[in-house]
Each structure stands twice: as structure tokens, then as C-alpha cells.
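Trainee: Show me the model. I want to know what stands behind each label.

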Amino acid sequence: MEKLQIKLEKWVNGGYSLSHYDGHAVFVDGGIPGETVDITLTKQGNKEWFGTVDAVIESSPLRVPSDCPVYLECGGCSYRHISYEEEVKVKASLLEFMFPEWIGKAEVVTGPSIGYRNNVQWQVEGGQIGFFAKNTHRIIPDSSTHCKNVDKRLLIENPNDFGILSNEKPKQNRFPKPSKNSKLQKNTNSLSLRLSQNAVVLYEKEETKFEFLSTKLTVPAKGFFQINQFLLETWIQKIKSLLPKDANVLELFCGCGTIGITLRDRIKSLYGIESHEKSIEYANQNAKANGITTYQYTVLDLYQKHLSKDLKIYSTWIVNPPRAGLSKGIIETAAILKPREIVYSSCNPSTLRRDVISFTEIGYEMDHLSLFDFFPRTNHYEVLVRLRKRK
């Protein structure tokens, strides 16, 4: 692979530092703007190249020693060569670059930067367990024992705790015995774990239970749930502050009902929509378990179908889509139904910006912007906005 010596210019999305070389934009892992570095190119396209720092020739004063022995090899983290405080500044500046009218005004919410993940998917291959090296299917030895992003209860000191690399009976030390239907077999390709109250479950096979803010929720196997165990309550409470009292809510991408059910004291009625049939089944169960009788849930692929005009009675929308953001059909439906406010939580600032522009074009303006750092040390973060219909 080709090697280059370049000077880095600025931070860009994806956790990269940007440089230019021979007419190409070069996106670099492990660098800091202002540094001169030697890099190895990992990908060369017609216009964009990608590389990783091999050696630092002229170092930035912001550089700190990485606290992870496999940083950059793993590829899961982007900022372990700078302090967490500096990382938060970088993320805030990148968000404000996309929303320049909010420079200096965006709210930034952080929590502990280690041990925050309540779930993890370990890869199992060739007698080893851990994370794949970046852009490969090669296991990084012992990575399952020391990842700092993962709650310590989900780390794997001994793979045979689950009997996945041998014919030994699973041990009963840190992990509960998997149920009969979810027992792992030898040569399993991955091991997906999630905290369930104070236990550990195989979340692709078993349901998960959470309790917070006087709410009990059960998530189905493979069901989505926010991964940052420290910021979940703060995020929910912020959403609550953005809702009117006695709101009539349309909740899109509602999952198993987490947001609406937790905020039931703020919501008069709710209609939730999700494409995952099992999640809707659990949403109904969760509503009932928390004493709710006025909520309705239905299964609908929000990327394929338009919303019914009958939903006009719901004047407040809560949307929490995957990284793809909202569909054109949802935007078009908003133009017809004209909800008063839309509270939008996004894990992808780029598609959020696209959707905010679309909402602006149909008569909405954004009056709240906050960054929730759900994913410390990685290039990802959550953004929460509120859009209101202009009068």
C-alpha cells in the first residue's frame, strides 16, 4: 500500500482529518489538524483517498497517548488520540458547521466516556472472540477483554463462559445460562450481549428488560434500544421538555414504545408506527404494563407507504428514524397534515440536515438544537431538534 507524508488541514465528519494531495481529498484516521504525518493509504478512489497515520512528524499539542492498545487497528473509535473534552468540541463544531445559524447556541450533553454501551456484538472466528480489525474479518486478539466503550459486565475474559469455542458446558460465573431456544453452538459467528436489568442476555435471541423513570419496558429479541445507559434518562427528559402539555402525539419509528410510554404523563393520546411487527407487539404490551389505555400502535413500512390523512388529529410528531432519516413520503405527509411541532432525534446529522431543509421549505423553523454524545470516542453522536410550524 502506498505511503505519503502530508500536512493535515481540518476536522471533517467521520472522525477524519482532511488533507489534499495531487488533486485528491485525503481523509485520515488518527491525525489532528495542523500535524504533519506519515500515512498509509487504505483506499484510493478517483477523487477521494483514505489513510491511517503511521507516524507523527510534527505533533499537535492536543495529541494525547491512546488508552487503547488496538486503537486504529479496530476502527471502532476515532478520537482516542485527543482528550474527551477536545472531542466534544470537535463534534460540536462539526454540527454547527451544518447548522451555522446555531453557532454558539447548540446545547451539548455528555456523560461518562467509558463503559457506556449496554450492548455489544462480539465476533467469533478461528478460535478467537472480539472485534474485527477495520475493513477485515480478522479478529483482534483479546479485544473482547479491554474495550473501554463497553460496560465491563459485557467483556469476555473466557470465551468458554458460553462454551462457544469448545464442547465444554457453559460456565455459570458471570453470565446467565442461555435459554433452551437461544443456546449458542460451537462455531457461532457472533455473540450479541445486552444488559437486561442486572443480568446479561443474548439480545438477538432473548428479550431485554429495562426499568427507568418509573417505567418498565421489555424489548423483543433483535429489538432496537438506545445503547448509552448513562444518557438515556437525560435524553428522554429533554424530549419531554420539548412537548406541549397533554400532547396528541404521532410517534414514527416508535420501536417498542420507549419514548411515548416513558412520557405518558405529558401525552394525552398517541399513535405509534413501526415497521417491525414484533416491536409493535411489545409496544402494546409495554403500554398495558404501564397502565396506558389511550395509545394505539400499528405496523407500517415508513419508507414505502404514505401516512393516512386521518392522522391529522395528532398535532405533535416525535420521530426517531434510523440513519437513513425520513422518507420523501413522510415530508410530503407533513406538508398535508401540518403538525404544530416535530421533535426529531437523529443518529445521523447529515440526513437530519437534509430533512430539516425539507421541513423549512414546507413552512417549519427549527427552534431547538442539542447534541447528545451517545457514542463517546467514536465519530457518532445523537442530535435532537424541534421544528415548529411558522404562523
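What follows takes the labels one by one.

Mentor: This is a predicted model, where local features need pLDDT of at least 70, side-chain atom pairs count only at pLDDT 80 or more, and totals for chains, interfaces and linings use all residues. Residues are numbered from 1 along each chain as its sequence is written, and side-chain values use heavy atoms, without hydrogens and water.

Trainee: Why are strand 2 and strand 3 called a pair?

Mentor: Strands are DSSP runs of E, at least two residues, and helices are runs of H or I, at least four, numbered from the N terminus. Pairing takes at least two DSSP bridges. Strand 2 and strand 3 (residues 16–21) have three, in the antiparallel sense, so they pair by that definition. K10 stands opposite L18 in strand 3.

Trainee: What makes strand 1 and strand 2 edges?

Mentor: The open sheet has six strands in the order 1-5-6-4-3-2, with mixed pairing. Strand 1 (3–7) and strand 2 (10–12) each have a single partner strand, so one side of each lacks a neighbour in the sheet.

Trainee: How do you know that the buried residues of helix 3 line one face?

Mentor: Buried means under 20% relative accessible area (1.4 Å probe, protein chains only). In helix 3 (residues 232–241), L232, W235, I236, K238 and I239 are buried. Down the axis they fall within an arc of 160°, so they line one face. The arc covers the directions from the helix axis to the C-beta atoms.

Trainee: What joins strand 17 to strand 18?

Mentor: Four bridges, and the strands run parallel. I342 is the bridge partner of W317.

Terms used:
Buried < 20%, exposed > 50% of the residue type's maximum accessible area, 1.4 Å probe, protein only.
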